[in-house]
Amino acid sequence: MNKKLTTREKASYGLGAVGKDMVYMLSASYILYYYQDVLGVSAIAMGVILMAARAFDAFNDPVMGIVVAKTRTKWGKFRPWLLIGTILNAVVLYFMFAAPPALDGSGLVAYAAITYVLWGVTYTMMDIPFWSMIPAFTEGGKERENLSTLGRSCAGVGSAVVTIITMKCVYALGQGNERAGFKWFALIVAVLFVLFILITCVNIKEKSTVDVDSPSVGQMFRALIQNDQAMTVVVSIVLINCSLYITSNLIIYFFKYDFGGEAWYDSYTLFNTFGGAVQILSMMIIFPLVRRFLSAIQVFYVSFGMAVCGYGILLLFMVMNVTSIAALFFPAFLIFVAFGMLTVLTTVFLANTVDYGEWKNHRRDESVIFSMQTFVVKLASGVAALIASVCLTLCNLSSDTETAAVNAAASSVMGLRLTMTVLPIAGLLTAVFYFHRKYILTEEKVTELAETLKKK
């Protein structure tokens, strides 16, 4: 029987999640804007770079999962890679947002491509062991769900903080110069990231893990493919996150080119503050409250319904040309609450597939399965960035900030609005139908699997 997690361990794990997702959100939500709108790189070129990096991750992420699974040190198999990956990723993050002023044209495109690929590789290096700790720290059931909820809730805090403060900090640190502002803000986030993960590594130790022989690459890929429940969850994660990232990539352009004005970032910051607060509230308070009355799978379906309704109302408001930011808070509330709960639930479901895979394939492949989560989340961000870049190109939205708000054609604005709403609705509906058909790990089934594995 594993010893229960202490408050210190939980707090340290949560703090690491805050730092980790601060870094991720800065990259996922602002890399396209930084290179396309601030530095003037072609939107299509950036979209191709971001998507190509995800294709590379299709190989890199599972391999990193295998490396973690084979690691045996006196510090465990997770913490060494967690710390090394964090330090390297923090360094690359800074350089990614500190493009040399002398670069332009093809040189700038090459710089963006190299730093972004390196960022993805080093992020994988720390993200896989971070989430792989969950099954190794817990026996399953409520403790695992609680740790997953804590981790995802704290990650949501990190994401929300960056979403809320980025543009304000960029303008303040750069004194109106976005290029300089992004460089210094990235440095601050990178330093905090290292400090937070260091605290996690010092205070967290894996309590137990199933001792198995180091598998071959072929065995690991076969085990992953044969785990149909893990594949079901990761496909759902791709569709859910792609829907969210399409919106998060374009929301800054929506406020800049639609709401407009010299202080457009004030409205943008206000909206993100509301959304971030709601998402944190969703993960930390609303989700645990709803779970008292509904099963995890029931909450999952309710969350899908809320998100689709929220996007539908947002689309209606946009078609009616409702431009009051206060009016946008209602659909935003539904969307952010839904995504907050979905973020927690997909991690819980994925953790459950580790037990299922051990029962079915006689291997406990937590690192490889959680490497898929890392890959598919980055894949979703890459697909969303490519879609966003195509949208920006077709809508002919450029970085001419002085004339953008007043001269943006009505068709361009409407194209932006439709991309932000219709595509996410399609993605969410596809995800819920697929999940409903394939996922079988009810709470009763998970409990049954845990008991069977204990007897072995």
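Mentor: Let us begin with M51, which touches L379, G382, V383 and L386, leaving aside residues up to four places away in sequence. The model is a predicted one, in which local features require pLDDT of at least 70 and side-chain atom pairs pLDDT 80 or more, while totals for chains, interfaces and linings use all residues. Residues are numbered from 1 along each chain as its sequence is written, and side-chain values use heavy atoms, with hydrogens and water left out.

Trainee: What makes two residues "touch"?

Mentor: Contact requires heavy atoms within 4.5 Å. M51 and L379 are on the contact list, although they are 328 residues apart along the chain; their C-alpha atoms are separated by 7.5 Å.

Trainee: M51 lies in helix α2 (residues 43-70). What makes a run of residues a helix?

Mentor: Helices are DSSP runs of H or I with at least four residues, strands are runs of E with at least two, and numbering starts from the N terminus. By that rule the protein chain has 15 helices and 0 strands.

Trainee: Why is M51 called partly exposed?

Mentor: The term buried means under 20% relative accessible area, exposed means over 50%, and partly exposed is in between (1.4 Å probe, protein chains only). M51 has a relative accessible area of 22%, and is therefore partly exposed. Of the 456 residues of the protein chain, 58% count as buried.

Trainee: Why is Q175 called exposed?

Mentor: Q175 has a relative accessible area of 76%, so the term exposed applies. Q175 is placed in the loop between α5 (141-173) and α6 (178-203). Its phi is near 50°, a positive value in a residue other than glycine.

Trainee: Which residues of α15 are buried, and how do you know on which side they lie?

Mentor: V446, L449, A450 and L453 are buried. They cover an arc of only 100° around the axis, which puts them on the same side of α15; the arc is that of the directions from the helix axis to the C-beta atoms. In general, an α-helix has 3.6 residues a turn, so residues three or four places apart point the same way. The face of α15 turned away from its buried side carries the exposed residues E444 and K455, and what covers its buried residues includes α11 (325-361).

Trainee: How many aromatic pairs does a search of the whole structure find?

Mentor: The search finds 29 aromatic pairs. One of them is formed by Y24 and Y245, with 6.1 Å centre to centre and 50° between the planes.

Trainee: Why is the pair of Y24 and Y245 called tilted?

Mentor: Rings of Phe, Tyr and Trp (its six-membered ring) pair if their centres lie within 6.5 Å; planes under 30 degrees apart count as stacked, over 60 as edge-to-face and the rest as tilted. At 50° the pair is therefore tilted. Y24 lies in helix α1 (residues 7-38) and Y245 in helix α8 (residues 228-259), so the pair ties together parts that are 221 residues apart in sequence. Y24, at 5% relative accessibility, counts as buried, and Y245 is buried at 6%.

Trainee: What are the values for F255 and Y268?

Mentor: That pair shows 6.1 Å centre to centre and 70° between the planes, and is edge-to-face. F255 lies in helix α8 and Y268 in helix α9 (residues 264-291), so this pair ties together parts 13 residues apart in sequence. Both F255 and Y268 are buried.
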